[in-house]
Amino acid sequence: MAASDAAAIRRDFPLLRQLVHGKPLAYLDNASTTQKPHVVIDRLTQYYAEENANVHRGLHSLSDRATRAFEEARVTVGRFLNADPREVVFVRGTTEAINLVAATFGRSCVGPADEIVVSEMEHHSNIVPWQILCEQQGAQLRIIPITDAGELDLDAYAALLTDRTRLVAVTHVSNAMGTVNPITEIVRAAHGRGIPVLVDGAQAVAHGPVDVRALGCDFYAFSGHKLFGPTGIGALYGTSALLESMPPYQSGGDMIRSVSFEHTVYDIPPHRFEAGTPDIAGAVGLAAAIDYLSGIGFERIADHERELLEYATGALARIPGVRVIGTAAHKVGVLSFVLDDVHPHDVATILDREGVAIRAGHHCCQPLMERLGVPATARASLALYNNHDDIDALSTALQTARGLFG
Amino acid sequence: MTSDLEALYRGAIVDHSKHPRNCRPLEAGRQAHGFNPICGDRLTVYVEVVDGVIRDASFGGLGCAIAIASASLMTESVKGRTVAEADALFERVQRLITAPADAPVEDLGALSALAGVRRFPVRVKCATLPWCALRAAAAAGDEVVTTG
């Protein structure tokens, strides 16, 4: 991406223009949440100012317009994932998507002595729902180990698959290390035994194109707010065959065909899984974010981030005492690191005063931190609007941290 | 370098975080664990109380510079005080680190080095974690206190 293009993209994000503690903001906490372009913010305003009504129920014009906007957003998400819109369920985010699968597919298909396979690098949101399901059903959680570089041990994974395995649930991209997992290989091994695969896409969607058909997965979950869209909206992709076989998640209005006190007939997917009034504005805002990214081009975004990751990795390598955690051969713009004697929280505080926003902590991956032998890491995570100035600010602030603790 | 950062990470704080005093388990005493679920800091505070007087205090665990320095300074300053006096001292430390940035700094001896925390509200819990654990250990022991 040309420098002028990158500068133009940065101008699309009003929040990035501010100063923090008198310094230009270098927002490097994109794995936590991403900033929103004008078009998304304007789309939310336009929806509430001109289109707001409840969906799927009113016969008046406004309700028809809101319903169209909501269902068009579903089409946009489907196109983004290369899925049929009927395979797209709107949820609050990745966490709810995984909980939905655990509560429906999980409760109906997982029984005593069955097994669910997750990996050592999962976010708590792809561990705890399965743990609770296992407790409820008397099933067992099996863990794919990782290598020291932060990659999945695929031989160990293959050995974990048994006749008792009911689901494999793995992350597409590690939120703590940036590792991109070989989903097609993981799916191939699981499908060889007829085991469905759920992919946690929370950290993948902002970094490049996602094609659920090419990946071959059975479920794919992501959050809008990590894709430059609003908070409170996300999507679950599920294959038609699986969604049709699953019982409802939450129940109430909008998920039924007919209700009597004797018998209720549920709606077909995806509506079966969307009880109550959904986040309509969130869905149209998410679609605006996807349209915005499509306009730039996902390949260009990926190229820009690849160059920036290389630059940032080089910059960190030149700072004495910095050790990068997670050195997978295939990774996206997530740089976890520790700085010699300086605790990650102190690093984050010092960086914040220099205008550099990063995250420090366990990143909701306590089992992974245990495996890596660190209580916490500092994490700089990149997005399409970041540039060399942001990385230079990070380097300078890290030198300040070294100076204070020198 | 900004003066806020220099106020937070003044020499005494960096020194206590790098070379913590009384960082050892205490066989004879009671203990309590302090856990900050947001950041994952974990400290164990040990205390030996005889006739209501803290005869010895120590700590162990992992945490940021502020938590470790606060624990180190705390163990040095509570030895020889009654449990009630240590409690009162905790109150004064809390006032010291939550006061407005421009308020005068009360003289709490070596503990006054923690005053820079007042400019960093998100770090107050780091500084109070060992004190919460001390209070629990002195009162009953064998508990986990959290700063959530």
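Which strands of chain A does helix H3 lie across, and at about what angle does H3 run to E4(A)? In this predicted model, H3 (residues 61-81) lies across E4, E9 and strand E10 (234-238) of chain A. The angle between H3 and E4(A) is about 115°.

## The seven-stranded sheet

Those strands belong to an open sheet of seven strands in chain A, and the order across it reads E4-E10-E9-E8-E7-E5-E6. The pairing is mixed. At the edges sit strand E4 (88-91) and strand E6 (140-144) of chain A, each of which pairs on one side only. Going from one strand to the next, the twist averages 20°.

As background, strands of a sheet pair through backbone hydrogen bonds, either parallel or antiparallel. You can find both senses around E9(A). With strand E8 (residues 197-200) of chain A, strand E9 (residues 219-223) of chain A pairs in the parallel sense over three bridges. One pair to look for there is Val199(A) with its bridge partner Tyr220(A) in E9(A). With E10(A), E9(A) pairs in the antiparallel sense over five bridges, and here Phe222(A) has Ala235(A) as its bridge partner in E10(A).

## A closer look at E9

Why is E9(A) largely enclosed by the rest of the structure? The reason is that five of its five residues are buried. A residue counts as buried if 20 or more other C-beta atoms lie within 10 Å of its own.

The side chains split by direction: Phe219(A), Ala221(A) and Ser223(A) point one way from E9(A), while Tyr220(A) and Phe222(A) point the other way. All of them are buried, so if you're clicking through E9(A), you'll see five of five residues covered.

Now for a helix pair. Helix H2 (residues 38-51) and helix H10 (residues 280-296) of chain A have axes that come within 9 Å and cross at roughly 145°. The crossing of H2(A) and H10(A) is right-handed.

On the H2(A) side, the contact is made by Val39(A), Val40(A), Arg43(A), Leu44(A), Tyr47(A) and Tyr48(A). H10(A) brings Ala281(A), Val284(A), Gly285(A), Ala288(A), Ala289(A) and Tyr292(A).

Helix H12 (residues 344-353) of chain A is mostly covered, with nine of its ten residues buried. Among the buried ones in H12(A) are Pro344(A), His345(A), Asp346(A) and Arg353(A). After H12(A) comes Gly355(A), with a positive phi near 85°.

What does chain A bring to its contact with chain B, and how many residues come from each chain? The contact takes 15 residues from chain A and 15 residues from chain B. H12 and helix H14 (388-404) of chain A each supply at least two residues of the chain A side, and the largest share, five residues, comes from H12(A). The chain A side that touches chain B divides into five nonpolar, seven polar and three charged residues.

Most residues other than glycine have a negative phi, and most peptide bonds are trans. Here are some exceptions. The peptide bond from Pro269(A) to Pro270(A) is cis, with omega near 0°; Pro270(A) lies in the loop between strand E12 (264-266) and H10 of chain A.

Phi of His21(A) is positive, near 50°, and His21(A) sits in the loop between strand E1 (19-20) and strand E2 (23-24) of chain A. His21(A) is partly exposed, with 13 other C-beta atoms within 10 Å. Asn82(A) has a positive phi too, near 60°, and is found in the loop between H3 and E4 of chain A. Asn82(A) counts as partly exposed because it has 14 C-beta neighbours inside 10 Å.

Key. Residues are numbered from 1 along each chain as its sequence is written. Chains are lettered from A and ligands numbered from 1 in the order in which they are written. This is a predicted model: local features need pLDDT of at least 70, side-chain atom pairs count only at pLDDT 80 or more; totals for chains, interfaces and linings use all residues. Two strands pair if DSSP finds at least two bridges between them. Helices (H or I, at least four residues) and strands (E, at least two) are DSSP runs, numbered from the N terminus. Axes are lines fitted to C-alpha atoms, for helices over the stretch in contact, and angles run from 0 to 180 degrees between N-to-C directions. Two residues are in contact if their C-beta atoms, placed from the backbone, lie within 7 Å. A crossing is left-handed if the near helix is turned anticlockwise from the far one by less than a right angle, and right-handed if clockwise. A residue is buried if 20 or more other C-beta atoms lie within 10 Å of its own, exposed if 12 or fewer, and partly exposed in between; C-beta atoms are placed from the backbone. Ala, Val, Leu, Ile, Met, Phe, Trp, Tyr, Cys and Pro count as nonpolar, Asp, Glu, Lys and Arg as charged, and the others, Gly among them, as polar.
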